[in-house]
Amino acid sequence: MTRYLASRLLQAITTIVGISLIVFALAHMSGDATALLIPPEATDTDRLALRQQLGLDKTIADQYLLFLKGAFTLDFGNSFRFGKPALEVYTDRFGATLALGLVAAVLASVIGILIGVYGAVKAGKLFDQATKLIALMGQAIPSFLIGIVMIAVFAVMFRWLPTSGNRSWESFIMPSIALAWFSLASLARLSRSSMNDVLSTDYIKLARLKGLPENKVIWKHAFRNAALPIVTMFSLQIVYFVSGSVIVENVFSWPGIGQLSIQAIQARDYPLVQAIVFISSTGIVLLNLVVDILYGFIDPRISR
Amino acid sequence: MNSPAKTTVASKSIGASNKFTPRAFITRVCELPLWSVLVLVCLVLVGLFGPVISPHDPNAIQLLKAHASPIFFGGSWEYPLGTDQMGRDVLSRLISGARISLLVGFAVVLGAGSIGTVLALAAGYFGGAIDAVVSRVCEVFIAVPFVLVAIAIVGAVGASITNLVFTLIFMSWAGYARVLRSEVLRLRELEFVKLAKVAGCSDSRILIHHLLPNIVNPLMILATLQLGATIVIEASLSFLGLGVPPPQATWGAMLSEGKDFIGFHTSLVLFPGLAIFVVVLAINLLGDWLRLRLDPRFRQ
Amino acid sequence: MMTTSAESSRVLEVRNLYTSFRTRRGVARSVNGVSFVLERGRTLGIVGESGSGKSVTLMSIVRLLATPAGRIENGEVLFEGKNLVTSSETEMRHIRGSKISVITQDPMTSLNPVYTIGNQLEEPIRQHQRIRVRDTLRRLAVGALQSVGIPAPEDRVSSYPHQMSGGQRQRVVTAMALACRPSLILCDEPTTALDVTVQLQILKLLRDLQKEHGMAMIMVSHDLSVIARVCDDVAVMYAGRIVEKASVSRLFEKPAHPYTRALMRSLNAETDASGRLYAIEGQPPNVRNIGNGCPFAPRCQSVRSECREHFPHEIALSPGHTTSCWAVMEEAGITAPVRKSV
């Protein structure tokens, strides 16, 4: 077990270093950042001074090492646009995205898994066919599309829900559904197929032969095993939620990191872009690590 | 006893190698998700012959004819699906969008699939340092939220079709590599590889002649599913204004412009939305069907 | 209804059981009119090839067929006087694991990998005997492990299935089956997936435990040598029908049905005049295409014209030895069917 944990930890660290490389390369791919920050009439000396001030005059390698050092202490420098430390800008907006993400995650997991499990239990019957249909449709509608449709129906036509912002709890409803949508469909499909696989095993047959009541067979025996691949899938879902929030926040004008990132990119705000991508990616890696550790605990074949 | 070697090597071609009879053939064809294939054939045809069958220039602005209704709501056959806020023919723009989605989709899947396959074969077969490096790199790419990076890259180097395609290939090859690598690892341990080695086959021969054909099935399944996902991502990026740049008509861009007119002229959102939905659904259905037919676990 | 003393010692009586499976390619008649009787404390062996319907017969007894495809079409299964075919699912659940237990074939996959074997052992006890006290349950589980010969049971009780060998797992499965002292144990090829030495150990274990607790047992196998070791009586099944019933010694001494005799020849590795091993020609029939004749007719050396038309009725060659074969009937000169009563 400790070997498993140690190897995962090592992998996580190397991945984070790799991420830092990409992030650094990313931000420096575009043209001169100073071009947007300085009026066109500025002289070359002014430009040079600005570059020096922003640390852009050092060599690429030096810049990278500086960046790396800063990244591990979460110091990304000051946002060009806001003038504040990039980290501060990030944390200001992080709460909104986290709240939305959590609501969507709970929604997708609980409903998705339940639908999938019952679909497998009632295989072949109406509920199962309906589940398969929902899952299929869910994966065919992009999140921004479902967002627009919901806005059209619930906000414009019926005026039940607000179109943007996060002032009230009602404003959570549509964006979280839009964000959870695809994930719910994927989880439902996976739960169903995983549960199906488990329900046809010998040990489930034996559980029934022992005369155990059906709900014990389904939950204590079958689901406990079916959950394993589902837990593994969570890692993918986490990545999807982070990516998806960029789009959903844009559609619903949700004041979170997603919206911030687009603005930052368009403004060539290097430090902020770096901060956002690095922290988000690292966050994903760490969350995946947690998921892996969790998996190690719930599968006795690994923990013993 | 069936040796695993016989069953896998023999299935070089897609589908079980049963005896061919007309009856078996017809049964097999009838199991195809027909309407899925129909939709996709239409899509490909539209993609290939788009400019020819398009009734108007998708980018021709005619402000006087703006917001014409589609044919079922009192419009005319001249603009069967109506016109948008700039007077451009919706049908033509849909067709143009179809070509873009198709082009981007296939290009990305082809590119990412090829890179992923090559790396998966190398990593899975040779193991050791190559595997370690490839796996680590894969993990990095999979962990980074692809939308953010795609936006960042496009924001940095400018929006164009080629940039978009390369960006998406860059962000999606890792998915293929990871899945196919597991396949290669599994296949490597099967009897027929050991037999080939004992018989003195060179590494490249084993890779190309023995492993590659057996990778084709999972690759096909993955590629089909990824095609749908790529189309969705392209639409999402275009929706945000970060995909294929205007004035090129894409479904995502049409949705982005049309969303301001919901309620007033809802079909501007309805048609491109429906197009995306129908196409992705068809692709996913096909992918599912392929998985049922090709995944050895499900084969009877 | 008056029960005779003979009937009250009967644990199980299967009468005219018909079980079929509805598949996309037709209806498979897996069990096609099977009848037998099992007395308390006795062991009945059911021998036949794969697809002969032996396992389906067992599953029909405990009513655990793959729904919705599997169905008992007709017949009765009288367990201690009660007809299981018409019992409710709740009643069946009370019976399964407590009055009738099943030992399945593959020990590597019959145990749930995520729970300790102690946990899985305690389950039937907790479920059927309503014992909830943790210590008592644990004690009973350890005792069960001990009774099947697992060393250091107090430690083993908290191990997981993947930490045990195939033979040990099968012992655990046996312990689970016996935990509630059932009156009938059904064994579905319990030793097929094990090494030969382990096979012998498990068979001996089953025989000893049966003697100790006085249960009735049905042992299904395709291997006649297994049957010979453990069973008192044998029923030979082919394509869903029983073709011969006898005590073990009688079957080996004087096999009557052509199929049984062919099996015996293969078992003894007999050779014919030219020194070749006897093999049964042909293939087992497709149970989707079964007609009303004797299913063995296409492969039978003594086939007659009646064989393809009607399945022969059962005749008694001697007390306890019955068979269904037109050829045997002719040779033995017996045509009266066995009386179904008594």
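1. The model is predicted; local features need pLDDT of at least 70, side-chain atom pairs count only at pLDDT 80 or more, and totals for chains, interfaces and linings use all residues. Residues are numbered from 1 along each chain as its sequence is written, while chains are lettered from A and ligands numbered from 1 in the order in which they are written.

2. In chain A, the axes of helix H11 (residues 257-266) and helix H12 (residues 270-298) come within 9 Å and cross at roughly 145°. Axes are lines fitted to C-alpha atoms, for helices over the stretch in contact, and angles run from 0 to 180 degrees between N-to-C directions. Helices (H or I, at least four residues) and strands (E, at least two) are DSSP runs, numbered from the N terminus.

3. Residues of H11(A), among them Leu260(A) and Ala264(A), meet Leu272(A), Val273(A) and Ile276(A) in H12(A); contact requires C-beta atoms, placed from the backbone, within 7 Å. The residues of this contact divide into 7 nonpolar, 1 polar and no charged (nonpolar: Ala, Val, Leu, Ile, Met, Phe, Trp, Tyr, Cys and Pro; charged: Asp, Glu, Lys and Arg; polar: the others, Gly among them).

4. Between chains, 38 residues of chain A are in contact with 35 residues of chain B. The chain A side has 25 nonpolar, 13 polar and no charged residues.

5. Chain C holds an open, antiparallel sheet of 4 strands in the order E2-E1-E4-E5 (strands pair if DSSP finds at least two bridges between them). Strands E2 (26-39) and E5 (82-83) of chain C each have a single partner strand, so one side of each is left without a neighbour in the sheet. E4 (residues 70-79) and E5 of chain C pair over 2 bridges, with Leu78(C) opposite Asn83(C).

Key
Contact = placed C-beta atoms within 7 Å.
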